[in-house]
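Morning, everyone. Please have the sequence and the structure open while I talk. I'll go through it piece by piece.

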Amino acid sequence: MPTPPFNNPNNSKKKTPFQFNLWWMYAIVAMFLIGIFYFDNNVSTKTVSYSEFESIIQKDRGITKIVVYPDKGMVEGFLTDSMAQVVFKASNFQSGPGVHAIVEANIPSADKLSDKIDEWREAGDFTGEVEFEKSSQLTGMLLSFLPFLLLIGVWIYIMRRMSNGGAGNGGGGGIFSVGKSKAMLFDKNQSDRVTFNDVAGQREAKTEIEEIVEFLKNPKRYTNLGGKIPKGALLVGPPGTGKTLLAKAVAGEADVPFFSMSGSDFVEMFVGVGASRVRDLFRQAKEKAPCIVFIDEIDAVGRARGRNAGMGSNDERENTLNQLLTEMDGFGTNSGVIILAATNRADILDKALMRAGRFDRQIYVDLPDLPDRVEIFKVHLRKIKTAPDLDIELLARQTPGFSGADIANVCNEAALIAARYNKDEVTKEDFNAAVDRIIGGLEKKNKILTEDEKKSIAVHEAGHATVSWHLRYGNPLVKVTIVPRGKALGAAWYLPEERQIVPSQAILDDICSLLGGRAAEELYTGHISTGAANDLERVTKQAYAMILYYGMSDRLPNLSYYDSTGQDSPFTKPYSNERAQIIDEEVTRIVAEQYERAKSILREHTDGHHKLAETLMSREVIYTEDVERIFGPRQWTSRTDELFGHKSISGAPTPPPIEDVEPTDVTPDAEKEEKSKEA
């Protein structure tokens, strides 16, 4: 998510301009309704005939005050409480202070009424006061038209909001500014800005990005030779590799305006909103050119058009994409605006979006290799109080396949673990615990295991360690534990080789190593268990990949059924049923051969396996040093050892010699009986 734009402290001194609030209109309407309710409850009015009005005065003497409106030809009489009960009835009128009951009637003329009042006074029927008033037509009109005036005022306010596009830039006016761009404008002088110094590793990607910034800073350096500034660059790579961070660094380094928004910001439930936002974004960008526009997660709006048309499609998203294509490289000019975009799903983007002239460059931001991980650790360890003896190279070797985000998580988790134990600094043990926590899950020491289960897990994990130690392409062991973590009852940590090209024998060795746990169970416990479920899943996937994707089969050589474009239908397969049977037979053959190979290695090193299993039973964890004491140093040198030299990557204290531990007999009962008979 983009960082919020920098707030200049000088802006706080400026007075905020007066802005009308719609809630004020609601308050006025509420007060008007309350006023009507109040007046209705304090004044009760009833219209009667003139003869009835005279009867109330002459017979009942029930009027205390008369108000005459000559211009309206109407008279009002204020009733006594007793007369009000008769006229309005007790259920509708309740007397009290400030409560008035009025009857009104039409009069023939004011002069005749005046004479009549004199007669009533002489007869003693009326003794109150008489008032002659002129009714205010303006007040009556206002009371009549006030609701309509309120509606007109609300309508004018809505129209002004729609025409102004909401409050401020970025379409912050709510529902009436849905067509405005939500791009955030970044200032290079913001206090928490990110620079290229904060981006570790990714040298090639940084070079490409820095060149784009240099284009904008010093364009004559390139245009003098006839070159043109690239119109766009697409950052492609797995999640967490630093694509958005590179864009933030561009915002911090560039001397030009930087607009940032997400691809999902274009998509709305209203028809035509996405295309409107695209137009508004490029309008703002052209006004501030030269500038940079960054669209994060562009696959939300840039998916290929027409895919899976039979299953329905999003026309609104396609219209938004069409407008984006037009703005990036259409009939109109778009000079001085460079588009940066990031995605981890480049295979689903529309081909028209990927062509030169829109995205001239595709910059692949890959997972960091070993030297890059060292630099990334150095960046994230700046603010962490670490122990002086912390070896960053060893940390980098322990985290193969980790992205920059994963490494940041490791550093933070290590600091939290150190704080949990009230340490003054973060040690390598804390980092090892953090790596174990992230890879294997939360340690569950309170999970109760029976002795047989613990023995089976130890035999299984020792089988993995034994087989992988004696394979040419086996991954170097870091540590093995039988303490449950996450969903696993035991776990083994290895250091995978970071190869650019994987030979077929490396895949076979990996399959053999994964089958070492199941083979050890069968050989040394006499039965197999469900503990190898994850191993078998990975084995099956790798075996099918060898046959279907890499063409590593004698019966089906040089054939690949992998579709890198992702356009193949999932309901059809590109081979016949006979060929599917051959594929299944080849997968079965590969797995069976490597399983027998794993059992052969275990039979050859049975004593060493028993020592490892017994050590796991007693200490619950073994390290590389333990395996090396039993089997000796590995015959093959890893690539990481060639780069950095051979170092212990466990970081654990020196354990007691395994030779001092008496291995228990873990052979099956049938073998025990045969040995006893031979004896």
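Let's start with a term: contact, or touching, means heavy atoms within 4.5 Å. Now some ground rules. This is a predicted model, where local features need pLDDT of at least 70 and side-chain atom pairs count only at pLDDT 80 or more, while totals for chains, interfaces and linings use all residues. Residues are numbered from 1 along each chain as its sequence is written, and side-chain values use heavy atoms, with hydrogens and water left out.

First stop, E211. Find it in helix α6, residues 203-217. Helices here are DSSP runs of H or I with at least four residues, strands are runs of E with at least two, and both are numbered from the N terminus. What does E211 touch, not counting residues up to four places away in sequence? Y222 and R361. With R361 there is a polar contact of 3.2 Å, side chain to side chain. A polar contact is a pair of N or O atoms within 3.5 Å; within protein, one must be able to donate a hydrogen and the other to accept it, and residues adjacent in sequence count only if both atoms are side-chain atoms. The cut-offs are under 20% relative accessible area for buried, over 50% for exposed, and partly exposed in between, using a 1.4 Å probe and protein chains only.

Now the whole protein. There are 24 helices and 14 strands. Of its 679 residues, 42% count as buried. Take the contacts with a separation of 6 or more: 76% of them are between residues 24 or more positions apart.

Next, a helix pair. Helix α16 covers residues 451-469, and helix α20 covers 577-604. They pack at about 90°, with axes 9 Å apart. Axes are lines fitted to C-alpha atoms, for helices over the stretch in contact, and angles run from 0 to 180 degrees between N-to-C directions. So α16 and α20 are roughly perpendicular. That label covers 65 to 115 degrees; under 35 is roughly parallel, over 145 roughly antiparallel, and the rest oblique. Who meets whom? G463, T466 and V467 from α16 meet A598, I601 and L602 from α20.

Stay in α16 for S468. S468 is buried, because its relative accessible area is 1%. Its side chain reaches the backbone oxygen of H464 at 3.0 Å. Beyond neighbours within four places in sequence, S468 contacts G474, N475, Y494, S513 and R634.

Another buried one: D436, at 7% relative accessible area. D436 sits in helix α15, residues 428-440. Leaving aside neighbours within four places, its contacts are G441, K479, R485 and W493.

Last, the sheet. Three strands form an open, antiparallel sheet in the order β13-β12-β14. The edge strands are β13 (491-494) and β14 (621-623), each pairing on one side only. Two strands pair if DSSP finds at least two bridges between them. How many bridges join β12 to β14? Three, and β12 covers residues 477-481. In that pairing, V480 stands opposite I622 in β14.

Two helices belong in this picture. Helix α21 (606-619) lies across β12 and β14, running at about 125° to β14. Helix α22 (624-631) packs on the sheet and touches β12 and β14, at about 70° to the direction of β14.
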